[in-house]
Amino acid sequence: MADKRDYYEVLGVDKSADEKTIKKAYRKLARKYHPDVCDEPDAEDKFKEVSEAYAVLSDDEKRQRYDQFGHAGMDGFTAEDFYQNVNFEDIFQGFDIGNIFDMFGFGGGSRSRGRTGPQRGSDIYTEVPISLEEAFNGCEKEIKITRSELCPTCHGSKSKPGSDPQTCPKCGGTGQIKEVSNTFLGQMVNVRPCRECGGTGKIITDPCEDCHGKGSKRKSKTIKIEIPEGVNEGNHLRVSGEGNCGETAGLEGDLIVTVHIKGHRLYQREGDHLYMDQQISFPQAALGDIISIPTIDGKEVEFKITPGTQSGTVFKLRGQGMNSVRHNGRGNMYVNVQVVVPKKLSSKQKKILKEFADVSGDEIKQVKKGLFDRVKDAM
């Protein structure tokens with residue numbers, strides 16, 4: 001997923017684009033890269049890329065999930081899940097629709113299959129907030145989720161114990177309905193899920209009283225997850241098998257956890273590096289000093305302020321940044337030194353500074369405070 005381009009970028013539209021704009025952009029790009037008219041060697045890959053982007057952004061539910069979780073929100077989707085709501089006949093008038101279906105792995109012009117076999121459960125998405133220190137050290141968090149679990153009474157069969165579902169008379173147990181239509185391209189066979197049985201091929205005549213024929217029940221549980229050291233804002237953690245249960249003995253989906261890192265009072269983070277501001281006095285900047293800086297691991301490190309340091313000078317403390325989630329070692333910490341000018345001076349301080357100015361050859365003219373300055377001081 002990390003190698004995929006942003007879907008909005010693929011179609012060249014803004015994130016606020018409406019359905020009409022998205023469809024227009026897709027129609028233009030899809031016709032450009034359709035293998036029937038494009039001779040570029042990677043035309044099919046580009047065609048699939050823009051088609052996948054359109055399939056997600058033209059579907060309100062998929063688009064909402066993508067906007068929240070990015071490509072991780074599309075994990076577990078099959079080709080048919082992506083394209084089941086795409087009307088290719090409307091987009092590609094004049095092209096061989098069968099070739100398009102074959103390209104996406106549907107085969108034979110079939111638009112969708114029945115759901116008579118095991119179906120993997122859907123993924124669950126949630127978020128966890130952590131501190132910057134927790135991101136540095138890694139931590140364990142407890143997350144409360146609500147998910148679908150197999151009904152303990154019927155074990156997912158949806159029927160009352162002792163009774164069996166009946167074969168659907170509409171589709172004959174296949175879960176599919178074939179529809180033949182004549183188009184200018186010739187005869188086309190479209191296969192859709194049977195509405196009578198919902199694509200399962202079975203009719204529940206005596207539903208389970210515990211789950212009311214759903215085959216599953218909603219339950220809350222607490223999951224412990226390990227957050228690795230060095231995790232970054234927006235990273236996704238996958239917990240296998242903790243999503244919703246599947247149908248017909250299908251596998252459970254996964255739990256996808258998005259990490260959010262709270263702001264810190266001292267540090268700003270960029271990748272594995274940390275940035276902070278450090279105030280020093282004019283004498284420290286002019287004469288130099290050795291000061292102590294707090295680090296993210298709770299310790300302090302000393303570093304040297306060189307004589308003549310100017311305000312805004314950035315010092316690099318190697319290896320004092322964040323632990324890296326990608327490799328062993330730590331990033332750096334960058335300290336932005338700010339020279340602080342005192343607002344109030346004692347008589348002795350003023351005298352010394354005047355002597356300093358005289359030695360330096362600076363002529364200092366007396367500046368008296370006006371009414372506005374006195375009001376500012378009082379605030």
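Residues count as buried under 20% relative accessible area, as exposed over 50%, and as partly exposed in between (1.4 Å probe, protein chains only). The model is predicted: local features need pLDDT of at least 70, side-chain atom pairs count only at pLDDT 80 or more, and totals for chains, interfaces and linings use all residues. Residues are numbered from 1 along each chain as its sequence is written, and side-chain values use heavy atoms, with hydrogens and water left out.

Both Tyr-8 and Tyr-66 are buried. The relative accessible area of Tyr-66 is 5%. Tyr-7 is also buried, at 2% relative accessibility.

The structure holds 7 aromatic pairs. Rings of Phe, Tyr and Trp (its six-membered ring) pair if their centres lie within 6.5 Å; planes under 30 degrees apart count as stacked, over 60 as edge-to-face and the rest as tilted. The ring centres of Tyr-7 and Tyr-66 are 4.5 Å apart and the planes stand at 40°, so this pair is tilted. Tyr-7 lies in helix 1 (residues 7–11) and Tyr-66 in helix 4 (residues 60–69), so the pair ties together parts that are 59 residues apart in sequence. Helices (H or I, at least four residues) and strands (E, at least two) are DSSP runs, numbered from the N terminus. Tyr-8 and Tyr-66 form a tilted pair as well, at 6.3 Å centre to centre and 40° between the planes. This pair links Tyr-8 in helix 1 to Tyr-66 in helix 4, 58 residues apart. Tyr-7, Tyr-8 and Tyr-66 form one aromatic cluster.

The axes of helix 2 (residues 19–33) and helix 3 (residues 43–57) come within 9 Å and cross at roughly 165°. Axes are lines fitted to C-alpha atoms, for helices over the stretch in contact, and angles run from 0 to 180 degrees between N-to-C directions. Helix 2 is therefore roughly antiparallel to helix 3 (angles over 145 degrees; under 35 is roughly parallel, 65 to 115 roughly perpendicular and the rest oblique). The contact (heavy atoms within 4.5 Å) involves residues including Ile-22, Tyr-26 and Leu-29 of helix 2 and Phe-47, Val-50 and Tyr-54 of helix 3.

His-155 is found in the loop between strand 2 (139–150) and strand 3 (166–167). His-155 has a positive phi of about 55° although it is not a glycine. Its side of the model is open: His-155 is exposed, with a relative accessible area of 60%. Lys-158 lies in the loop between strand 2 and strand 3. Phi of Lys-158 is near 75°, a positive value in a residue other than glycine.
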